[in-house]
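Me: I've just opened this one and I'd like to learn how to read it. Can you walk me through it?

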Amino acid sequence: MGTDIDGGVEIRPGGPGAPWELADLDLAALPRHYDAFGLLFGVCNFAGFAPVAAGRGLPPDASAGLLDRQLDAEAHDHSWVGWSELAGIDWRARAPRVDDRIHEYQLTGDGPRRTGKASRSMAWHEAAGADADPRGSSYPEGTEWRSGGRLWRVERLSHGDVLRADPDLRALLDGMRALAARHGDDNVRLVVWFDS
């Protein structure tokens, strides 16, 4: 079992001082993408990003429609981020440290093809040694292991890596950008919470 996201996008059609309303953008399509959770909200931040909007809680002026969704007593790590903050993210910036998850590649004739992250891979343990620490942050950036057509590497992610890996996040940000063009950057925000 992992951590899932819920929440919604709110807009303030009347501008500053007006009440917030729940927009017609649904988070249900967002996958369990820990790199996005870590970058934006500091949740499941294995990649070591400096989060944009961690631990802010529910906004005190949250819309009734959003509050109606927040029924689960297991919800945690409530936070929110405005469109102006999201629009200001430097997508070329890199995490301050390496990813705790070691990246795994299949070696092909066209070069390495990323297959995932080897958090508990038996094949990685066979290549690195049974007592090897599985946390990428235990090794210098660029450390590699090779075995049986596979490559494992300790890497540092960029903010842009999060977008490239998650088309649903890109679609959500595109929807928020369109809302901001209509209502203004300071009148669009994403409010979230997580459950485990």
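Reply: Let's begin with a cut-off: a residue counts as buried when its relative accessible area is under 20%. Keep in mind that this is a predicted model. Trp145 has a relative accessible area of 12%, so it is buried.

Me: And is Phe46 buried, exposed or partly exposed?

Reply: Partly exposed, with a relative accessible area of 33%.

Me: Next, the sheet. In what order do its strands come?

Reply: The general idea is that strands of a sheet pair through backbone hydrogen bonds, either parallel or antiparallel. Here you have an open sheet of four strands in the order β2-β1-β8-β3, and the pairing is antiparallel. At the edges sit β2 (21-22) and β3 (76-82), each pairing on one side only. Between β3 and β8 (residues 188-195) there are five bridges, again antiparallel. His76, for instance, has Phe194 in β8 as its bridge partner.

Me: Which helix packs on the sheet by touching β1 and β8?

Reply: That's α6 (residues 167-183), whose direction makes about 145° with that of β8. Helix α1 (residues 34-41) lies across β1 (4-11), β3 and β8, and runs at about 120° to β8.

Me: How do I read aromatic pairs, and how many are there in the whole structure?

Reply: You describe a pair of aromatic rings by the distance of the centres and the angle of the planes. A search of the whole structure turns up six aromatic pairs. Take Tyr34 and Phe46: the ring centres are 5.8 Å apart and the planes at 50°, so this pair is tilted. Tyr34 belongs to helix α1 and Phe46 to the loop between α1 and α2 (64-69), so the pair ties together parts twelve residues apart in sequence. For Tyr139 and Trp145, the centres are 5.0 Å apart and the planes at 85°, so that pair is edge-to-face.

Me: Which residue has its charged end over the ring of Trp80?

Reply: Arg56, at 4.7 Å from the ring centre. Arg189 also lies over the face of Trp80, at 6.0 Å from the ring centre.

Me: Last one: which residues of the largest nonpolar core touch the most other members?

Reply: In soluble globular proteins, nonpolar side chains tend to be buried together. The largest nonpolar core here has 33 residues, and Val9, Phe41, Leu86, Met176, Val188 and Leu190 touch the most other members. Helix α6 gives the largest share, six residues. Another core, of nine residues, lies apart from it and includes Val98, Trp145, Trp152 and Val154.

Conventions. Residues numbered from 1 in each chain as written. Predicted model: local features only at pLDDT ≥ 70, side-chain atom pairs only at ≥ 80, totals over all residues. Heavy atoms only, no water. Pairing = 2+ DSSP bridges. Helix = DSSP H or I, 4+ residues; strand = E, 2+ residues; numbered from the N terminus. Contact = heavy atoms within 4.5 Å. Axes fitted to C-alpha atoms, helices over the stretch in contact; angles between N-to-C directions. Phe/Tyr/Trp six-rings, centres within 6.5 Å; stacked < 30°, edge-to-face > 60°. Buried < 20%, exposed > 50% of the residue type's maximum accessible area, 1.4 Å probe, protein only. Lys NZ or Arg CZ within 6 Å of the ring centre and 35° of its normal. Core = buried A, V, L, I, M, F, W, Y, C linked by side-chain atoms within 4.5 Å.
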